[in-house]
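Please open the structure in a viewer and keep the selection tool at hand. The stops below are arranged so that each selection can be made in turn.

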Amino acid sequence: MDSTGIEVRQLAKMIDHSLLRPELTTAEVLRGCELAATYDVASVCVRPADVTLAVKALAGTAVAVGTVIGFPHGGTTTATKTGEAADALAAGAAELDMVLNIGLLLGGEDDAVRQDIAAVVDAVAGAGLTKVIFENAYLDDEAKLRACRLSTLAGADYVKTSTGFAPGGATLEDVRLMRANVPAHMKVKAAGGVRTLDRMLEFVAAGAERFGATATATILDDLAARQSV
């Protein structure tokens, strides 16, 4: 995709500015929220303990607050995931990125995976968006296809490639596969390794509509500079 075909504001609204590293301090989370507000991105994605902080920091802006559920391994109980979801929503989060149960998926326990996802979707109950993280670095294509089907059956809003904490992140091939195997109303989020404008534009062309990114300023400044020439 050519950089002249997309506006800075349009691309900004495809970015969830990621603030998930375990070592981030309160001051660093606040600086990340300030950056997100300056660039008017879609959302920040913060650790669960930072939701209240981010909601206060971003009050009055058009930047949503998201957080993670069952992160990063997906192996917590369904009750824990729904409890995390309820806490996050009560604190003001509007977008929840949940990790599906990777071991159950790899073991072929599809109904248990579907029920786990559906429980979080039901806990959200229209109060926000639910994004299902597959962690594709651990999956073959057959497992990715089942994850697409199960996420669709469970009523999720998005499917997402990765947490950013596994051995590999988003690939164009995975985004194309996911886009082709979920309904048109569901969206695809790419995360993990999308650090440049050109790379992000490749993913947009492949079908991604949302991105987890830490290089937000670099990407959007690059687009603005190209379009000012």
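Begin with the largest nonpolar core, which has 69 residues. Select Leu-11, Val-44, Leu-100, Phe-134, Phe-203 and Phe-211, the residues with the most contacts inside this core. Please bear in mind throughout that the model is predicted.

From this set, keep Val-44 selected and display its surroundings. Beyond its neighbours within four places in sequence, Val-44 is in contact with His-17, Leu-19, Gly-32, Cys-33 and Ala-36, and also with Ala-54, Leu-58, Val-63, Ala-64, Val-65 and Gly-66.

Next, select Asn-101, in the loop that lies between strand E4 (95-99) and helix H5 (102-106). Is Asn-101 buried or exposed? Its relative accessibility is 14%, under the 20% cut-off, and Asn-101 therefore counts as buried. A polar atom of the Asn-101 side chain lies 3.4 Å from the backbone nitrogen of Gly-103. Not counting residues up to four places away in sequence, Asn-101 also touches Gly-74, Gly-75, Lys-81, Val-113 and Asp-116.

Which residues surround it? Apart from neighbours within four places in sequence, Leu-139 is in contact with Ile-102, Leu-105, Leu-106, Phe-134 and Lys-144. Phe-134 was already selected at the opening stop, among the core residues with the most contacts.

Now select helix H8 (residues 172-180) and colour Leu-172, Asp-174, Val-175, Leu-177, Met-178 and Arg-179, which are buried. The buried residues of H8 pack against H7, strand E6 (158-160), strand E7 (187-191) and H9.

Finish with helix H9 (residues 197-206) and helix H10 (residues 216-228). How do their axes cross? The axes come within 9 Å and cross at roughly 90°, so H9 and H10 are roughly perpendicular to each other. To see the contact itself, show Leu-197, Asp-198 and Met-200 in H9, which meet Ile-219, Asp-222, Leu-223 and Arg-226 in H10. The residues of this contact comprise four nonpolar and three charged residues, with no polar ones.

Technical notes
Residues are numbered from 1 along each chain as its sequence is written. This is a predicted model: local features need pLDDT of at least 70, side-chain atom pairs count only at pLDDT 80 or more; totals for chains, interfaces and linings use all residues. Side-chain values use heavy atoms; hydrogens and water are left out. A nonpolar core is a set of buried Ala, Val, Leu, Ile, Met, Phe, Trp, Tyr and Cys residues joined through side-chain atoms within 4.5 Å. Buried means under 20% relative accessible area, exposed over 50%, partly exposed in between (1.4 Å probe, protein chains only). Contact means heavy atoms within 4.5 Å. Axes are lines fitted to C-alpha atoms, for helices over the stretch in contact, and angles run from 0 to 180 degrees between N-to-C directions. Helices (H or I, at least four residues) and strands (E, at least two) are DSSP runs, numbered from the N terminus. Angles under 35 degrees count as roughly parallel, over 145 as roughly antiparallel, 65 to 115 as roughly perpendicular and the rest as oblique. Ala, Val, Leu, Ile, Met, Phe, Trp, Tyr, Cys and Pro count as nonpolar, Asp, Glu, Lys and Arg as charged, and the others, Gly among them, as polar. A polar contact is a pair of N or O atoms within 3.5 Å; within protein, one must be able to donate a hydrogen and the other to accept it, and residues adjacent in sequence count only if both atoms are side-chain atoms.
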